[in-house]
Structures are given as structure tokens and as C-alpha cells.
Amino acid sequence: MGTGRGGKGTPNITGGRGKNYTNAFAGSKIKHLKKPDGVPLWRKDIQFQFLHLIFNDDRKVFTNSYDGTKNRTFADVYVDAMARSSKTSKILRDKLLSEKKNALNMAMVCLLVNLGRMNTTLNFFPEMKAQLRTYHAIPSLQTYTDQNAYKQLQDAPRLKSILKGACEDRKEPVTIENLVVTPVPRTNPINLIFLLSTYAPKVTETHFPPEIDFHDLVMRAQLSSQSRATAFLWLMWWYLESNFTVEDTLRNPYGVGLATKGTDIPRGVPAFEHLTEEEADAENVDRQEEIEFGERMQLERKSG
């Protein structure tokens, strides 16, 4: 692969139909989480198990794009990018780097915003009242933290601002074509996820089997959480760490790439595991204390 920008030998890894997806989020068609004001977002709504598996994966196979340190987990590089955003306050930055559990909880919600699953009309603590905003407790992430810690979740617009800051504070690739000709470490994972969401149709065409698309990773409960998390992390490693070669598909720590049409490079994500509706429901069962927390917060919102 050519490593210079636009150099010869750059692989066409985004398909080959010639469409231009340069408008920001032009390709993104994802259904936003939407519920009436006060109704909690339960484990199934946010696909908690999928998020948990991503941010608790312990494989140290990523490079920090800011300082070049290797052997980092995905959670390490994602939280670090959040902390470095110019939109992150010093107090929050210190907490992100020193309080791992709370940092991961915030990162899970940020990933939903990053993928477009959460839009900017949501907030997560009942005292906040604003026009065109709805309040939703997230019991699986808020039940086990103290009052101050759970307020760190802030609201979706502030989280979106933090994520955008991570993409705008320095020069980052703005298209997948830019990305693939940039030497490793190419970008931070927040910017990569925005790019993959923006170019979702091409990402689907390049890496996914028929009838499954990129946004199914965060939405389609009848594909197992483990297989969706593995596919997501496979894509993260492929775009952040590889040189897009056959050898790279064989050494991807999240599995060997599967054969795809139109290329000799097996760049399909690892196979998905299909579940029955009952099996899917069993992956994201709310605990009793979470149900009680959610109901309590719903009542607090009504009485506030």
C-alpha cells in the first residue's frame, strides 16, 4: 500500500460504485432512541451488553494516536480521546482519567451518540428541564454510582460537543479515502466512528454480509452482543491499525476477515451469531435494583 496521501497502490476499500458521500452524515440512516419524557432507557434500549463487551475488552492492540503509545485497549484510546477534547472541562478530564468505572459509563453513552443512535434531545438527570429535551434515566449505568458521578453523564448535546471537539482540535481525516492513505496512527476512534457512520452504506457494502448493515451493530438485538461487539472491534482495528493487506486480515486480533465480493482481500467482518427473540431478550435483563432506580427517577421527574 502506498503510504503517501493519494499515492499509487492505495486500495479501494470503500467499494467501487463511484458515489460521493462527502456531505457530513449523508449516508447515516439510523433510528434514534426515542421515548416519552421520564421513561428510562433500559438495558435492551441501549444494548448494554454490546457496549459492555466493547469497553471491557482487554486486548491491548491499539495505538494512541496522540502520543504514539502502543498496546492500549479500545477503551483506553476512546476515553483518552474524550479526555483530550477541547470541549472537556479540566474537572471532567481529571475524572475521566482517574475514575475508570465512571469513565466507561460515560464512554458507553458517548458511543451511542457517536454512532448516531442517540440524538441531541436527551438528558440524563431529572433536574434538567429545557425545551425540546426529554429526560431519561439509564439505570444500568446510573444505579451503582453516587449522585455526583451519575451527573457526569451530562446530556447528549454536551456529549456530542465533546466528541466533535475530539475531531476538530487537530487535523483529522475527513473522509474514508483520506483515512486509508494516512499512516498509522491515522486518527482517534471518535473521528473514525463518525466517518464510518457517515459512510455507512459503503462500509456495509465493503464489510458486511447481505441483509446486515453497519448500524445493525448497535440496533439488531437478534444478532448476539458478542458477535456484534467483535465485528465492531474488528472494524476499529482494521481502520486504525492495519495496512489493509491480506496479511492484516489474517492477523486481526478480532478474527480472520471473511471473503467478500469484488476483492482478493478477505475484508468481511467475522460471522454473526443469530439469536431467537427469547435468547436476545436474555442478553439484556434489567436487575431489580435498576428497575427500582428507574421507577424512582421517573416519579422524581413527574413531581419535579
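Guide: Helices are DSSP runs of H or I with at least four residues, strands are DSSP runs of E with at least two, and both are numbered from the N terminus. The model shown above is predicted.

Visitor: How many helices and strands are there in the chain?
Guide: The chain has 304 residues, and 54% of them count as buried. Its secondary structure consists of 16 helices and two strands.

Visitor: Where is the place of Glu273?
Guide: Glu273 gathers with Glu277, Glu278 and Glu279 in a surface patch of negative charge. Its relative accessible area is 44%, so Glu273 counts as partly exposed. Its place is in the loop between H14 and helix H15, residues 277–282.

Visitor: Which residues form a nonpolar patch on the surface?
Guide: One member has its place in helix H14, residues 246–251: this is Val246. With a relative accessibility of 34%, Val246 is partly exposed. The patch has about 250 Å² of accessible area together, and its residues are Val246, Leu250 and Val256.

Visitor: Why is helix H11 largely enclosed by the rest of the structure?
Guide: A residue counts as buried under 20% relative accessible area. In H11 (residues 200–207) the buried residues are Ala200, Lys202, Val203, Thr204, Thr206 and His207. The helix is largely enclosed because the buried residues number six of the eight.

Visitor: Which helices do the buried residues of H11 pack against?
Guide: Val203 and His207 are among the buried residues of H11. The partners of these buried residues are helix H9 (176–180), helix H10 (189–198) and helix H13 (225–241).

Visitor: Is Phe208 buried or exposed?
Guide: Phe208 has its place in the loop between H11 and H12. Leaving aside neighbours within four places in sequence, it is in contact with Val203, Asp213, Phe214, Leu217, Leu235, Val269 and Phe272. Its relative accessible area is 8%, which means that Phe208 is buried.

Visitor: What distance separates the C-alpha atoms of Phe208 and Arg267?
Guide: Phe208 is in the loop between H11 and H12. Arg267 is 59 residues away along the chain, and the C-alpha atoms of the two are separated by 8.9 Å.

Visitor: Which residues does a cis peptide bond join?
Guide: Most peptide bonds are trans. In the loop between H9 and H10 lies Pro185. The bond there is cis, with omega at about 0°, and it joins Val184 and Pro185.

Visitor: What is the phi of Asn71?
Guide: Most residues other than glycine have a negative phi. Asn71 sits in the loop between helix H2 (48–55) and helix H3 (74–84), and at 55% relative accessibility it counts as exposed. Although Asn71 is not a glycine, its phi is positive, at about 60°.

Visitor: What about Glu211: what is its phi?
Guide: Glu211 belongs to the loop between H11 and helix H12 (216–219). It counts as exposed, at 70% relative accessibility. Glu211 is not a glycine either, yet it has a positive phi of about 75°.

Visitor: How many salt bridges does a search of the whole structure find?
Guide: Side chains of opposite charge can pair when their charged atoms come close. The number of salt bridges in the whole structure is 15.

Visitor: Which residue forms a salt bridge with Asp281?
Guide: Asp281 is partly exposed, with a relative accessible area of 32%. The closest N and O atoms of this salt bridge are 2.9 Å apart, and the partner of Asp281 is Lys44.

Visitor: How many residues apart are Asp281 and Lys44?
Guide: These two residues form a salt bridge. The pair links distant parts of the chain, with Asp281 in helix H15 and Lys44 in helix H1 (residues 43–46), and their separation is 237 residues.

Visitor: How many residues apart in sequence are the parts tied together by Arg84 and Asp67?
Guide: The side chains of Arg84 and Asp67 form a salt bridge, 3.6 Å from N to O. Arg84 lies in helix H3 and Asp67 in the loop between H2 and H3, so the parts tied together have a separation in sequence of 17 residues.

Visitor: Which residues are linked in a network of salt bridges?
Guide: Arg84 counts as partly exposed at 38% relative accessibility, and Asp67 counts as partly exposed at 45%. The network consists of Asp67, Asp80 and Arg84.

Key: Residues numbered from 1 in each chain as written. Predicted model: local features only at pLDDT ≥ 70, side-chain atom pairs only at ≥ 80, totals over all residues. Heavy atoms only, no water. Patch = residues over 30% accessible without salt bridge, like charges linked within 9 Å, V, L, I, M, F, W, Y side chains within 5 Å. Areas by Shrake-Rupley, 256 points an atom, 1.4 Å probe, with all protein chains shown as cover. Salt bridge = Lys/Arg side-chain N within 4 Å of Asp/Glu carboxyl O. Buried < 20%, exposed > 50% of the residue type's maximum accessible area, 1.4 Å probe, protein only. Lys, Arg positive; Asp, Glu negative; His and termini not counted. Charge placed at Lys NZ, Arg CZ, Asp CG, Glu CD. Contact = heavy atoms within 4.5 Å.
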